[in-house]
Amino acid sequence: MNSEVNGQSALRRPATDPTPIFEHFRGMHGSELLTAAVAHFDLFGRLSAGSLDFEALRQSLQLKDRPAVVLLTALKAMGLIQEIDGKLALTELAQEHLVPGGAFDCGNYIGLAAQTPGVLTMVQLLKTNRPLGSDEEDAGGAAFIYRDGIKSAMEAEDSARHFTMALAGRAKNVAPFLADAISLEGAKLLLDVGGGTGIYSHALLQKNPQLNAIVFDRPQVLKIAAEMTAQYGVADRCQLVSGDMFADALPAGADTILLSNILHDWDKPECQQLVDRCAQILPPGGRLLIHDVFLNDALDGPLPVALYSASLFSFTEGRAYSGGEYREMLTAAGLTPQPIVPTLVHCGVLAGVK
Ligand SMILES: C[S@@+](CC[C@H](N)C(=O)[O-])C[C@H]1O[C@@H](n2cnc3c(N)ncnc32)[C@H](O)[C@@H]1O
């Protein structure tokens, strides 16, 4: 049963599904990655000489692991390369149309976009493996991520507000679906790590009248969470705690922990560190909820998630991970993975039980 909603409802669903809008927005990365592969990395020329395993292809492209996974996952999802017996090979489509010099090669046509700003930026990001804004002297810093050693946009009031409010555009659509996807009957305290606006917590609080929540995030971000918590009428059950999720002790006492759109911001060692830290403070029977997008276990699609992965790669130190990769992290932390339950905009929730 839903609690009586005093403020704005975080449980009201949109009448139409916004997923196509997100797909069109993220679609630009398809063009950028395809053009980069054709015109900057000669990827199809390299593979025309024979199939290669991931490691050999990665080295020949002179890419680090994360950019190589992002690029090759997208090309697999586009149906241009395929994995056969552990080796990456061209599909018939790529063989006929993207190998330089072939009778029906259209690589030069794709190359028309080779010098466009979006493609040049993507090539630079792939080569450096650094997120946008993290290295430039005058830039505000990397979006969404903070840890010791990173110049972060989440530390300044204006940029923290800008990026946090941008995410509210997704959260207000998806939160009602998360609240329905996961039963928190019997749960007492939810810890929303990197909760941002807190909208996912607000929906779960409105849906579960017995529940209290702690939204944990950076101090500048929590200024927005404070406004939202009042707006949704849940301030009496929602505490805001600031800190660094990597370096500070996480607030104790939660039986449920939410990592919503958090792990995809980080490389695998940091993901494991966060999952371990959450698992350590859960009581037996407690649950860690990973709310995120999920690639196929074979890292070959779905295409919209593979293109979103390129967006995550551009802005953060992460990428999209597969259900299998997340299950490995949960299991390594001593948690038992449950089936993934879909929410909205290609997201779903994967619970790990202690
Ligand atoms: C991509 S946003 C996700 C926000 C929200 N959970 C959602 O699903 O929309 C990542 C959040 O993690 C927070 N964050 C990043 N690094 C952090 C750190 N070291 N400690 C605490 N919060 C951090 C950011 O400020 C941001 O609000």
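In which loop does His346 lie? In this predicted model, His346 is placed in the loop between β9 (341–342) and β10 (347–353). The backbone of His346 adopts a positive phi of about 65°, although the residue is not a glycine. His346 counts as partly exposed because 19 C-beta neighbours are found inside 10 Å, and a residue is classed as buried at 20 or more.

A positive phi of about 75° is also computed for Phe144, which is not a glycine. Phe144 belongs to the loop between α8 and α9 (157–181). With 26 other C-beta atoms within 10 Å, Phe144 is buried.

The peptide bond from Gly301 to Pro302 is cis, with omega near -10°. Pro302 is located in the loop between β7 and α13.

Helix α13 comprises 13 residues, 303–315. From first to last C-alpha, α13 reaches 19 Å, close to the 18 Å expected at 1.5 Å a residue. The helix is mostly covered, with 10 of its 13 residues buried. The buried positions are Pro304, Val305, Ala306, Leu307, Tyr308, Ser309, Ala310, Leu312, Phe313 and Phe315.

Leu303 lies in α13 and is partly exposed, with 18 other C-beta atoms within 10 Å. Not counting residues up to four places away in sequence, Leu303 touches Ala77 and Met78. The C-alpha atoms of Leu303 and Leu75 are separated by 8.9 Å, whereas the two residues are 228 residues apart along the chain.

The crossing in which α5 passes α13 is left-handed. On the α5 side, the contact is formed by Arg66, Pro67, Val70, Thr73, Ala74 and Ala77. These residues meet Leu303, Ala306, Leu307, Ser309, Ala310 and Phe313 of α13. By class, the contact of α5 with α13 has 9 nonpolar, 2 polar and 1 charged residues.

Note on methods
Residues are numbered from 1 along each chain as its sequence is written. This is a predicted model: local features need pLDDT of at least 70, side-chain atom pairs count only at pLDDT 80 or more; totals for chains, interfaces and linings use all residues. Helices (H or I, at least four residues) and strands (E, at least two) are DSSP runs, numbered from the N terminus. The expected span of a helix is 1.5 Å times one less than its number of residues. A residue is buried if 20 or more other C-beta atoms lie within 10 Å of its own, exposed if 12 or fewer, and partly exposed in between; C-beta atoms are placed from the backbone. A crossing is left-handed if the near helix is turned anticlockwise from the far one by less than a right angle, and right-handed if clockwise. Two residues are in contact if their C-beta atoms, placed from the backbone, lie within 7 Å. Ala, Val, Leu, Ile, Met, Phe, Trp, Tyr, Cys and Pro count as nonpolar, Asp, Glu, Lys and Arg as charged, and the others, Gly among them, as polar.
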